[in-house]
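Reader: Could you walk me through this one? I'd like to go piece by piece and ask follow-ups as they come.

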Amino acid sequence: MLPVAVPPHAWRAFVDQFPAGIVDEDIEVEFTAPARGPGNMIDSDYERTISDFAVLAAAEKAEEEGYAAVVVNSMSDSGLSALRSRLAIPVVGAGQASMALASCLGTRIGVVTMWQPWHALYTSAAASAGISERLVSIRDIDTRPDAEELLSDRETVHPRLLDACVKAIEDDGVHVLIMGSTTMHYAYHYLTERLDVPLINPGIAAQQLAQQLVRAGLSHSGRAHLAPAKPDGDLLTAFTARR
């Protein structure tokens, strides 16, 4: 589940990021997004609130529709808590999943991202994962994200991301790095080939966690995420259509 609109070629790139064999043969990954939401950016508190609402509206009936799990494919973890309250099937957020995985790989965690307005997403995800003290570095390349430009201008963007990664490792002493957006997956292979610390692609981390939860028959605790006494999907009608 994507919380914002993306251009068609970028949409396809989300699917193509999964290497062969990483998705079990009997599992189908389907990407979808709300019909309405906060445009193509989640920078402000206003946009984060709208994206929470939009994701909830678009995915609240996932269980009825036969889905085995829901992945919020964004470091914003938009609508994550609300969906866990609404659904019994596993609901995984890319932000929280990446932080939890990073904590298994090192004690000093860093995030490399596009620009400063996204920094709040990572402190929030680290807090949700209970590892705020381990998030010691957030570095950005001061570039306003644009999906089409990021896919086409790799010769400029990739080296700048690599430089930020190296500074996080050498200057901040990080043990493991997280890419700051699921839209940054295009740079994953370029960076991993040049880094000597683990680099986490948040989209893959979230998908793999969801897949393993389904396999293990596990889901979030109903005591931690209380179900609504009387769900009223009619309140969300304006947002329920999906592309």
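Author: In this predicted model, Gly-110 has Ser-137 as its bridge partner in strand 4. The chain gets from strand 3 to strand 4 by way of helix 5, residues 119-128, and this β-α-β crossover is right-handed.

Reader: How many bridges join strand 3 to strand 4, and which residue in strand 4 is the bridge partner of Val-111?

Author: Strand 3, residues 109-113, is joined to strand 4 by five bridges, and the two run parallel. The partner of Val-111 in strand 4 is Ile-138.

Reader: And what about strand 5, how does strand 3 pair with that one?

Author: Strand 3 and strand 5 also pair in the parallel sense, over four bridges, and Ile-109 has Val-176 as its bridge partner in strand 5.

Reader: In what order do the strands of the open sheet come?

Author: The open sheet is made of four strands in the order 4-3-5-6, with parallel pairing. Its edge strands are strand 4, residues 135-140, and strand 6, each of which pairs on one side only.

Reader: Is strand 3 largely enclosed or open, and why?

Author: Strand 3 is largely enclosed by the rest of the structure, because five of its five residues are buried. In a regular strand the side chains alternate between the two faces of the sheet. In strand 3, Ile-109, Val-111 and Thr-113 point one way while Gly-110 and Val-112 point the other way, and all of them are buried.

Reader: Which strands does helix 4 lie across?

Author: Helix 4 lies across strand 3, strand 4, strand 5 and strand 6, and the angle at which it runs to strand 5 is about 165°.

Reader: Switching to helix 9, how many residues does it have, and what does it reach from its first C-alpha to its last?

Author: Helix 9 covers residues 202-216, which is 15 residues, and it reaches 21 Å between its first and last C-alpha atoms, close to the 21 Å expected at 1.5 Å a residue.

Reader: Which residues in helix 9 are buried, and what covers them?

Author: The buried residues of helix 9 are Pro-202, Gly-203, Ile-204, Ala-205, Ala-206, Gln-207, Ala-210, Gln-211 and Leu-213. What covers them includes strand 1 (70-72), strand 2 (91-93), helix 4 (94-105), strand 5 (176-179) and strand 6 (199-200). As background, an α-helix has 3.6 residues a turn, so residues three or four places apart point the same way.

Reader: Where do Asp-77 and Asp-142 lie, and is each buried or exposed?

Author: Asp-77 is in the loop between strand 1 and helix 3 and is buried, with a relative accessible area of 11%. Asp-142 lies in the loop between strand 4 and helix 6 (147-152) and counts as exposed at 65% relative accessibility.

Reader: Last one, for the chain as a whole: how many helices and strands, and what share of the residues is buried?

Author: The chain has nine helices and six strands, and buried residues make up 49% of its 243 residues. Among contacts with a separation of 6 or more, 71% are between residues 24 or more positions apart.

Notes. Residues are numbered from 1 along each chain as its sequence is written. This is a predicted model: local features need pLDDT of at least 70, side-chain atom pairs count only at pLDDT 80 or more; totals for chains, interfaces and linings use all residues. Side-chain values use heavy atoms; hydrogens and water are left out. The expected span of a helix is 1.5 Å times one less than its number of residues. Buried means under 20% relative accessible area, exposed over 50%, partly exposed in between (1.4 Å probe, protein chains only). Contact means heavy atoms within 4.5 Å. Two strands pair if DSSP finds at least two bridges between them. Axes are lines fitted to C-alpha atoms, for helices over the stretch in contact, and angles run from 0 to 180 degrees between N-to-C directions. A crossover is right-handed if, with the strands pointing away from the viewer, the path from the first strand over the helix to the second runs clockwise.
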